[in-house]
Amino acid sequence: MAKLSMIARDKKRAKTVAKFAEKRKALKAASVDMSLSFEERMEAMEKLQKLPRNASPVRQQRRCRVTGRPHAVYRKFGLSRNMLRQAAMNGDVPGLRKASW
C-alpha cells in the first residue's frame, strides 16, 4: 500500500488540473496563435507560467486503483502488475488469462 499522503497529494493535483484546465487550454492556444501579435503571445505565455505548477496534467501520476502503487500500472485496467495478476487469477478481469504454453 502506498503512503496515504502521496495518494492524497495526487488527488489534490487532479482537482487543481480540473480547476485550471479551461484557462490553460485558452492560454496555450493563444501562445501559439500566429494571428496574434508577438506581445500578446508573450503575455499569454507569461500568464501560463504564473499558473500553479500542479495545474499541469503532466505532473499527475498514474496510480493503481487498489493499492495506490505508482509504478507498473497498466492504463487499460488501472491496476498495478501485482493486482492485475491477482485479479486475473481470481477471474475478475474478463478475457485475460495467464499465458501457458
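A salt bridge, for today, is a side-chain nitrogen of Lys or Arg within 4 Å of a carboxyl oxygen of Asp or Glu. Take E43 and K47: they form one, with the closest N and O atoms 3.5 Å apart.

Quick housekeeping before I go on. This is a predicted model, where local features need pLDDT of at least 70 and side-chain atom pairs count only at pLDDT 80 or more, while totals for chains, interfaces and linings use all residues. Residues are numbered from 1 along each chain as its sequence is written, and side-chain values use heavy atoms, with hydrogens and water left out.

Okay, back to E43 and K47. They sit four residues apart in helix α2, so about one helical turn separates them. Helices here are DSSP runs of H or I, at least four residues, and strands are runs of E, at least two, numbered from the N terminus. The cut-offs are under 20% relative accessible area for buried, over 50% for exposed, and partly exposed in between, using a 1.4 Å probe and protein chains only.

The count comes to three salt bridges. So what do the others look like? Well, D10 shows up in both. D10 meets R13 at 3.9 Å, N to O, and those two are three residues apart in helix α1, residues 4-32, which again means about one helical turn. D10 also meets R63, at 3.6 Å, N to O.

Shared partners join D10, R13 and R63 into one network.

Now the greasy part. A nonpolar core means buried Ala, Val, Leu, Ile, Met, Phe, Trp, Tyr and Cys residues joined through side-chain atoms within 4.5 Å. The largest one has seven residues: C64, V73, L79, M83, L84, A87 and V93. Which helix gives the most to it? That's α3, residues 81-90, with three.

Look at L79 in there. Skipping neighbours within four places in sequence, L79 is in contact (heavy atoms within 4.5 Å) with C64, V66, A72, V73, Y74, L84 and A87. And there's a second, separate core of six residues, including A44, L48, L51 and A55.
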